[in-house]
Amino acid sequence: LAHKFKESFGYSPIDYLLSVRLERVKDLLRYSDFTLTDICQVGAFPAPNIYTIYLKLALEYHLPNIKT
């Protein structure tokens, strides 16, 4: 199933899910008054440092739907 997803969309399901989660966290950082720790928990990242690692990887590998 993952192979078919990648064939159809050009990226894996996990890359898509990660990009959606990162985009949600970025929007919350821009438009809310929540702390980074609270936002990372909402975005399913266990800690801000984990979010930072994933964001750096996303920008390096140009995951889908990541807007900087």
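Residues are numbered from 1 along each chain as its sequence is written, and side-chain values use heavy atoms, with hydrogens and water left out. Because the model is predicted, local features need pLDDT of at least 70 and side-chain atom pairs count only at pLDDT 80 or more, whereas totals for chains, interfaces and linings use all residues.

**Helix 2**

Select residues 13-31, which form helix 2. Helices here are DSSP runs (H or I, at least four residues), numbered from the N terminus.

Within helix 2, next highlight Leu18, Ser19, Leu22, Glu23, Val25, Lys26 and Leu28, which are buried. Buried denotes under 20% relative accessible area, exposed over 50%, and partly exposed in between (1.4 Å probe, protein chains only).

In soluble globular proteins, nonpolar side chains tend to be buried together.

**The salt bridge**

Select Asp27 and Arg30, whose side chains meet in a salt bridge (3.5 Å, N to O). The rule requires a side-chain nitrogen of Lys or Arg within 4 Å of a carboxyl oxygen of Asp or Glu, and by it the count comes to 1 salt bridge. The two residues are 3 apart in helix 2 and therefore separated by about one helical turn. Asp27 is partly exposed at 32% relative accessibility, and Arg30 is partly exposed at 44%.

**Ser12**

Move to Ser12, in the loop between helix 1 (2-9) and helix 2. Ser12 is buried, with a relative accessible area of 17%. Apart from neighbours within four places in sequence, Ser12 is in contact (heavy atoms within 4.5 Å) with Phe5 and Lys6.

**Val20 and Gly43**

Finally, select Val20, which lies in helix 2 and is partly exposed at 36% relative accessible area. Draw a C-alpha to C-alpha distance from Val20 to Gly43: the two are 23 residues apart in sequence and 9.2 Å apart in space.

Notes
The expected span of a helix is 1.5 Å times one less than its number of residues.
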